[in-house]
Amino acid sequence: MKKSFLVSILILLLLICVFIVLYYTRGAKKDSVVQVSFSSWGSESEVAIIKPILREFETKNPGIKVNFIHIPKNYFQKIQLLIASNLAPDVIFINDFYGPLYVEGDILYDLDYFLKKDDSIMLNTYYKQAISALTYKKHLYALPRDISNLVIYYNKDIFDKYKISYPDKNWTFKDFLKTVKLLTKDFNHDGRIDQFGIGFEKQPLFWMPFLWSNGGGIISSDLKTVLINKPESVESIQFYSDLRNKHHVAPTASEAGSATMSQLFMQQRIAMQINGRWAVPRYRKDIVFNWDIARFPRGKRGSVVDADTSGWAISKTTKHPMESWKLVKFLAGKAAIQKFTESGLIVPARHDVANSKIFLNSTKSPANSRLFLDIIPESIPTPANQNYQEITDLVTSAIEPVLNGDLSAKQAITPDFTRKIVKLLQ
């Protein structure tokens, strides 16, 4: 009796020990899964691309769980709040406009820290312009996803209807103005324009190429000199304003109404539009006419557009730097970039994807997709320092009366305005 009782006690103790081991093993396994937070902007269609990529990463890295923070609006303002609240995401999708601010704030890792430990990443895999855009004061703060550059979208059917030659790679500002005049039509002869030659955007992003191509700019690439008050810049801003206010080849705000320039292009109310690769998915889906893209016209300096870049950075406050680096490497890898590219959304920053059939798909519009790659060598990243947003706000406010036709460029670009920009470079 005593023997059987002791055996029962031993079995019970053994079961308790097994239970304790299993319990703590399960707990340790759960605790061993590292939680990495990742923030990004993007439309619903872009999020539909991102989520499967993150799931694939988790499958291949079972010890890492990615918490996706989607911020579709006011992205950088909300990221700033998270940073100020010590809640910065481990991995931050970022662009070269805001990167300098975060580098100056000592918020982001210099990726050289990881590259020295990991030789699996070769930076020459990416366009040098993309690497340059995401490098500030010799610090590479993100691995690139794409290169964002501007081209001229044009309605081939309208050109064909009026027997107007398509834009070629050597067309100049003078050729451009002549073409948009020919494309502007008053069908009813009632003094109201029914079809405009070109769209019109107020954001500096869209009119900066006029300045760069003419030898001007807002600030210099070395971030030391103000350029917006130079004759070449003033002349270019006036040229752009005149498209709307003097030549009437671009719609005013009242003529556009509530429609965006992309909507006007799809409605065939404008024959050409300055836009980026991001317009392609929607245009492929919704446009019923023949369309293609052309190089931005040439000024005194050539045809110079932006080579701006978005990519993935790692917060210095992360508790899991190596796991965050694994995620960044995966997102910037060939397979992931291919998935972003398939939709037509981006110009991939990787040479191997950019020069593949995935991007250069001859069966899908635009037929001239290679142009996005051909213009990269002549393109420049938008010069940006830690005060980029303040500079942009000042410029937008000062130039708006010019774009509305209320002031000339010379009147708007005053010594006082220039001094304010100078202070933001110091």
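1. The accessible surface of the protein chain amounts to about 21000 Å², and carbon and sulfur atoms account for 55% of that area. The model is a predicted one. Of the 426 residues in the protein chain, 51% are buried.

2. As to overall build, the protein chain contains 20 helices and 10 strands. Its C-alpha trace spans about 115 × 50 × 40 Å along the principal axes. When contacts between residues at least 6 apart in sequence are considered, 73% of them join residues at least 24 apart.

3. Regarding charge, the protein chain carries 54 positive and 41 negative side chains. The centres of these two sets lie 5 Å apart.

4. Helix α10 covers residues 231–245. Among the buried residues of α10 are Ser-233, Val-234, Ile-237, Phe-239, Tyr-240, Asp-242 and Arg-244. The cover over the buried residues of α10 includes α8 (173–183), α9 (204–213), α11 (253–256), α18 (388–403) and α19 (409–412).

5. Helix α18 has 16 residues, and the distance from its first C-alpha to its last is 21 Å, close to the 22 Å expected at 1.5 Å a residue. Where does α18 have a kink? The kink, of about 25 degrees, lies at Ser-397, shortly before the proline Pro-401. After α18 comes Gly-405, with a positive phi near 85 degrees.

6. The buried residues of α18 are Tyr-388, Ile-391, Thr-392, Val-395, Ala-398, Ile-399, Val-402 and Leu-403. In general, residues three or four places apart in an α-helix point the same way, because there are 3.6 residues a turn. The buried residues of α18 are covered by elements that include α9, α10, α19 and α20 (415–425).

7. Thr-179 belongs to helix α8. Is this residue, Thr-179, buried or exposed? Thr-179 counts as buried because its relative accessible area is 12%, under the 20% cut-off. Not counting residues up to four places away in sequence, Thr-179 touches Phe-159, Ile-164, Trp-171 and Met-272.

8. Val-47 is located in helix α2 (residues 44–60) and is buried, with a relative accessible area of 9%. Apart from neighbours within four places in sequence, its contacts are Gly-42, Pro-52, Phe-68 and His-70. Val-47 and Arg-295 are 248 residues apart along the chain, and 30 Å separates their C-alpha atoms.

9. Asn-74, although not a glycine, has a positive phi of about 50 degrees; the residue sits in the loop between β2 (64–70) and α3 (75–84). With 49% relative accessibility, Asn-74 counts as partly exposed. Asn-86 is likewise not a glycine and has a positive phi of about 60 degrees. Asn-86 lies in the loop between α3 and β3 (91–95) and is exposed, at a relative accessible area of 70%.

10. Which residues are joined by a cis peptide bond? The bond is that between Ser-365 and Pro-366, where omega is about 0 degrees. Pro-366 is part of the loop between α16 (351–354) and α17 (371–374).

Methods
Residues are numbered from 1 along each chain as its sequence is written. This is a predicted model: local features need pLDDT of at least 70, side-chain atom pairs count only at pLDDT 80 or more; totals for chains, interfaces and linings use all residues. Side-chain values use heavy atoms; hydrogens and water are left out. Helices (H or I, at least four residues) and strands (E, at least two) are DSSP runs, numbered from the N terminus. The expected span of a helix is 1.5 Å times one less than its number of residues. Buried means under 20% relative accessible area, exposed over 50%, partly exposed in between (1.4 Å probe, protein chains only). Contact means heavy atoms within 4.5 Å. Accessible areas come from the Shrake-Rupley method with a 1.4 Å probe; for residues, only the protein chains shown count as cover. Lys and Arg count as positive and Asp and Glu as negative; His and the chain ends are not counted. The place of a charge is taken as NZ of Lys, CZ of Arg, CG of Asp or CD of Glu. The bend at a residue is the angle between axes fitted to the seven residues ending there and the seven starting there.
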